[in-house]
Amino acid sequence: MAGFAGREIELTWGSNPIDGVREKGISLNGEPINVTSDEDDGKQTLLDISAEDSVTITISGVTKSSDLRDDWFNGNRTATATLTYPDGYTITGTFFLSTYEETGTYNDATTFTATLNSSGAVVGAVS
């Protein structure tokens, strides 16, 4: 695969696409379990499993919809989020809308940023 443009990655929140998204980011995090002891001669030793795995999705764009803002204020902060890549790969799970921010600059479009944190298992697969 030669690559693809970021605009080709689609994000849905619940079953709806979020209008106006320009940038999408994903961070896959695994908290290591440190089992270092005297026998390791000062060399850090980690188990090959993580203590806790998490996925964070960040998005930003031009405010064209009030869906995320409405969900935040209505307490609907947990939904299924899916990132779909042009090659058919999807990342899907239950996510918590932890932050939502809007900025209305005087002579420019209103923009937003949001952070979604995983809650439970997140699955990545080719569909």
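Reader: How many salt bridges does the count come to?

Author: The general idea: side chains of opposite charge can pair when their charged atoms come close. Here a salt bridge needs a side-chain nitrogen of Lys or Arg within 4 Å of a carboxyl oxygen of Asp or Glu. By that rule, the count comes to one. Keep in mind that this is a predicted model: local features need pLDDT of at least 70, side-chain atom pairs count only at pLDDT 80 or more, and totals for chains, interfaces and linings use all residues. Residues are numbered from 1 along each chain as its sequence is written, and side-chain values use heavy atoms, leaving out hydrogens and water.

Reader: Which residue forms the salt bridge with E102?

Author: It's R69, and the closest N and O atoms are 2.9 Å apart. E102 lies in strand β6 while R69 lies in helix α1 (residues 67–74), so the pair ties together parts that are 33 residues apart in sequence. For the element names, helices (H or I, at least four residues) and strands (E, at least two) are DSSP runs numbered from the N terminus.

Reader: And how do I read the exposure of R69?

Author: You go by relative accessible area: under 20% is buried, over 50% is exposed, and in between is partly exposed (1.4 Å probe, protein chains only). R69 has 28%, so it is partly exposed.

Reader: On to the rings. How many aromatic pairs does a search of the whole structure find?

Author: In general, a pair of aromatic rings is described by the distance of the centres and the angle of the planes. Rings of Phe, Tyr and Trp (its six-membered ring) pair if their centres lie within 6.5 Å; planes under 30 degrees apart are stacked, over 60 edge-to-face, and the rest tilted. The whole-structure search finds four such pairs. One of them is W72 with F73, an edge-to-face pair at 5.3 Å centre to centre with 85 degrees between the planes. W72 is partly exposed because its relative accessibility is 30%, and F73 is exposed because its value is 64%.

Reader: What about Y100 and F112: stacked or edge-to-face?

Author: Stacked, with 6.0 Å centre to centre and 15 degrees between the planes. Y100 is in strand β6 and F112 is in strand β7, so this pair ties together parts 12 residues apart in sequence. Elsewhere, ring pairs link F4, Y85 and Y89 into a cluster.

Reader: Is F95 buried or exposed?

Author: Buried, because its relative accessibility is 0%. F95 lies in strand β6. Taking contact as heavy atoms within 4.5 Å, and not counting residues up to four places away in sequence, F95 touches residues including W13, V55, I57, A81, L116 and V122.

Reader: How far apart are F95 and L116 in space?

Author: They're 5.6 Å apart, C-alpha to C-alpha, although 21 residues separate them in sequence. L116 is also in contact with W13, V55 and A81, among others beyond its neighbours within four places in sequence.

Reader: Which residues form a nonpolar patch on the surface?

Author: Patches are made of residues with over 30% relative accessible area and no salt bridge; like charges are joined within 9 Å, nonpolar side chains (Val, Leu, Ile, Met, Phe, Trp, Tyr) within 5 Å. Here V35, L47 and I49 form one, with about 240 Å² of accessible area together, by the Shrake-Rupley method with a 1.4 Å probe and only the protein chains shown as cover. I49 sits in strand β4 (residues 46–62) and is exposed, because its relative accessibility is 52%.

Reader: Where is D41 found?

Author: In the loop between β3 (21–34) and β4. D41 is exposed, since its relative accessibility is 63%. D41 and W72 are 31 residues apart in sequence and 50 Å apart in space, C-alpha to C-alpha.
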